[in-house]
Amino acid sequence: GGCSRYVPCHIGNLIAVPERAPSQDIVYILSSYLPAYQCLEQSVEEVDITSCHDMFDVLQEVIFDEEGESVNAGRRSPLFGQSVLIAGAGSPVGLALIDVARHAGATVYALSHSENEQKIKQMGVKEGSWYPLSQKEEWGTKWSGKMDLIVDTVGDYDNYSSFYDVMGSGGRFVRTNTTSAGENVVPVRGDTRRYFSPLKHFKGSHINRMAIDYNIFDSFEEDKKMFADDLTYLFHLLRSGKIERRAFPHVGFFMVEQEWNKTFEGGKADVFVVSCNEPKMRFIC
């Protein structure tokens, strides 16, 4: 249960968290900046990203040694000067994406619900660079052919035709399938059966085919050392005040039930566990 003091876990599914890192800080990073950072990192992998620091070092203009001291990186981010559109920008992951992309030197455009307009603009998104996601005709026309990168945290296929309209030549499309808050927070695709327009269907299908899918749990499984390095690096940024604490305000009970049923049936639950006791024995699984 959620109040268990001990949790059995296979040693192969463990990584050590940064030393002296408060457990709540690890939760904040897993819920926002880690998926945001890795998602953008995945979007520029073809630009010869060879380590977890290659993008974010130059993004923040600093690198950190083992003691957390900053050193001038002296390099330029692959996102520098690019136009980046973030759909669903009002969520913790969306706000983290804005922060990461802006510090990387990108020009950021944002789509969200109207209620999130002010906090998005407080993150530095300029007037005219934010629209309600629902106003597809307006932003689709104004930003036509402008975007080098689109990051979708919403997963609604109904938006894909408009994404096609704003995508520039050679542009990339990344969607965040899951975050550490559970796979139902960010659905992957909408119901394509709603489409009766051949043109809209063509546009949506094209975007769907070119999508780069980011999944935080796949990232963990594929390279645990890289995952741990990313986590440690982001913790240093959090500790130095370069990034902020962001988290989903709640996770629905239906997600807990879903993960329990998945585990009970012999599968893997997509859940990160952070234990709070024994600093030398804190792991993520």
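**Reading a predicted fold**

Mentor: At the start of helix 9, a side-chain oxygen of Asp223 comes to within 3.4 Å of the backbone nitrogen of Lys225. A polar contact is a pair of N or O atoms within 3.5 Å; within protein, one must be able to donate a hydrogen and the other to accept it, and residues adjacent in sequence count only if both atoms are side-chain atoms. Helices (H or I, at least four residues) and strands (E, at least two) are DSSP runs, numbered from the N terminus.

Trainee: On what basis are such features reported?

Mentor: This is a predicted model, in which local features need pLDDT of at least 70 and side-chain atom pairs count only at pLDDT 80 or more, while totals for chains, interfaces and linings use all residues. Residues are numbered from 1 along each chain as its sequence is written, and side-chain values use heavy atoms, with hydrogens and water left out.

Trainee: What is the mean pLDDT of the protein chain?

Mentor: pLDDT is the predictor's confidence in each residue, from 0 to 100. Its mean over the protein chain is 76, and 67% of the residues reach 70 or more. Over residues 180–193 the pLDDT is below 50, and this stretch has 39 contacts in the model beyond near neighbours in sequence. Residues 271–285 also have pLDDT under 50, with 52 contacts beyond four places in sequence. Contact here means heavy atoms within 4.5 Å.

Trainee: How many helices and strands does the protein chain have?

Mentor: The secondary structure comprises ten helices and ten strands. Of the 285 residues, 49% count as buried. Buried means under 20% relative accessible area, exposed over 50%, and partly exposed in between (1.4 Å probe, protein chains only). Among contacts between residues at least 6 apart in sequence, 67% join residues at least 24 apart.

Trainee: How is the span of a helix checked, and which residues of helix 9 are buried?

Mentor: The expected span is 1.5 Å times one less than the number of residues. For the 16 residues of helix 9 that gives 22 Å, and the end C-alpha atoms are 22 Å apart, which agrees. The buried residues of helix 9 include Phe227, Leu231, Leu234 and Leu238. An α-helix has 3.6 residues a turn, so residues three or four places apart point the same way. Just after helix 9, Gly241 takes a positive phi of about 80°.

Trainee: Which residues have the most contacts inside the largest nonpolar core?

Mentor: A nonpolar core is a set of buried Ala, Val, Leu, Ile, Met, Phe, Trp, Tyr and Cys residues joined through side-chain atoms within 4.5 Å. The largest has 48 residues, and Leu40, Ile98, Ile120 and Leu234 have the most contacts inside it. Among the elements that each supply at least two residues of this core are helix 1 (23–43), helix 3 (92–103), strand 5 (107–112) and helix 9 (224–239). Helix 1 gives the largest share, nine residues. A second, separate core of 18 residues includes Tyr109, Trp139, Phe163 and Phe173.

Trainee: Is Lys203 buried or exposed?

Mentor: Lys203 counts as buried because its relative accessibility is 14%. Lys203 belongs to helix 7 (residues 198–210), where Gly204, Ser205 and Ile207 are also among the buried residues. Beyond neighbours within four places in sequence, Lys203 contacts Tyr160, Ser161, Tyr164 and Asp165. Tyr164 lies in helix 6 (residues 160–166) and, at 29% relative accessibility, counts as partly exposed. Not counting residues up to four places away, Tyr164 touches Phe202, Lys203, His206 and Ile207. The C-alpha atoms of Tyr164 and His206 are 7.7 Å apart, although 42 residues separate them along the chain.

Trainee: Where is Lys126 found?

Mentor: Lys126 is in the loop between helix 4 (117–122) and strand 6 (130–132). At 63% relative accessibility, Lys126 counts as exposed. Lys126 and Thr107 are 19 residues apart in sequence and 9.3 Å apart in space, C-alpha to C-alpha. Thr107, in strand 5, is partly exposed at 38% relative accessibility.
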